[in-house]
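Please look over the sequence and the model below before reading on. The paragraphs that follow go from one local packing question to the overall form and back to single residues.

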Amino acid sequence: MGKPIVEHQAVAFMLADMAIQIESSRMMVWRAGWLRDQNKRNTYYASIAKALASETANKCASDAVQIFGGNGYNSEYPVEKLMRDAKIFTIYEGTSQIQRLIISRTIADMAKQNL
């Protein structure tokens, strides 16, 4: 008799990493939203949230497919659709590369102001 898949350390660590990434993404989204609620500029944090959340969605979907094994590619399982759907988040509302450009320019501007 085997054991539940979550009791395998490799799978447990993948799930833990997924939780870490999801919670980190959630916190960045909340921070960007809070700044907006305070009528403060949130472009920097919104770009970080967008890039982090979209890449987290892709990584988690990919890991889920890996955990499901061959069934992860089977259209009878929802994880296959989740992987296809997650890809759009890196493209929609500005690619991750564009978000990085916004973030890096903001960092450069902050560095210039502190000189």
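Against which helix do the buried residues of α3 pack? The model is a predicted one, and in it the buried residues of α3 pack against α2, which runs over residues 43-68. Helix α3 itself covers residues 78-87, and its buried residues are Val79, Glu80 and Ala86. These residues lie on the same side of α3, because they cover an arc of only 130° around the axis. The face turned away from that buried side carries the exposed residues Pro78 and Arg84.

These two helices belong to a simple set of elements. The protein has four helices and zero strands, and read along the sequence the pattern is α-α-α-α.

The overall form comes next. The radius of gyration of the protein is 18 Å, whereas a compact globule of 115 residues would have a value near 13 Å. Along the principal axes, the C-alpha trace spans about 65 × 25 × 25 Å. Of the 115 residues, 25% are buried. The accessible surface comes to about 8,300 Å², and carbon and sulfur atoms account for 60% of that surface.

Is Asp63 buried or exposed? Its relative accessibility is 6%, so Asp63 counts as buried, the cut-off for buried being under 20%. Which residues does Asp63 contact, once its neighbours within four places in sequence are left aside? Asp63 is then in contact with Met14 and Met18. Helix α1 spans residues 9-37.

The other residue is Asn39, found in the loop between α1 and α2. Phi of Asn39 is near 60°, a positive value in a residue other than glycine. Asn39 counts as exposed because its relative accessibility is 68%, and exposed residues are those over 50%.

Taken by element, the picture is as follows. The loop that comes between α1 and α2 holds Asn39, an exposed residue.

Definitions and conventions:
Residues are numbered from 1 along each chain as its sequence is written. This is a predicted model: local features need pLDDT of at least 70, side-chain atom pairs count only at pLDDT 80 or more; totals for chains, interfaces and linings use all residues. Side-chain values use heavy atoms; hydrogens and water are left out. The radius of gyration is taken over C-alpha atoms; the globule rule is 2.2 Å times the number of residues to the power 0.38. Buried means under 20% relative accessible area, exposed over 50%, partly exposed in between (1.4 Å probe, protein chains only). Accessible areas come from the Shrake-Rupley method with a 1.4 Å probe; for residues, only the protein chains shown count as cover. The arc is that of the directions from the helix axis to the C-beta atoms. Contact means heavy atoms within 4.5 Å.
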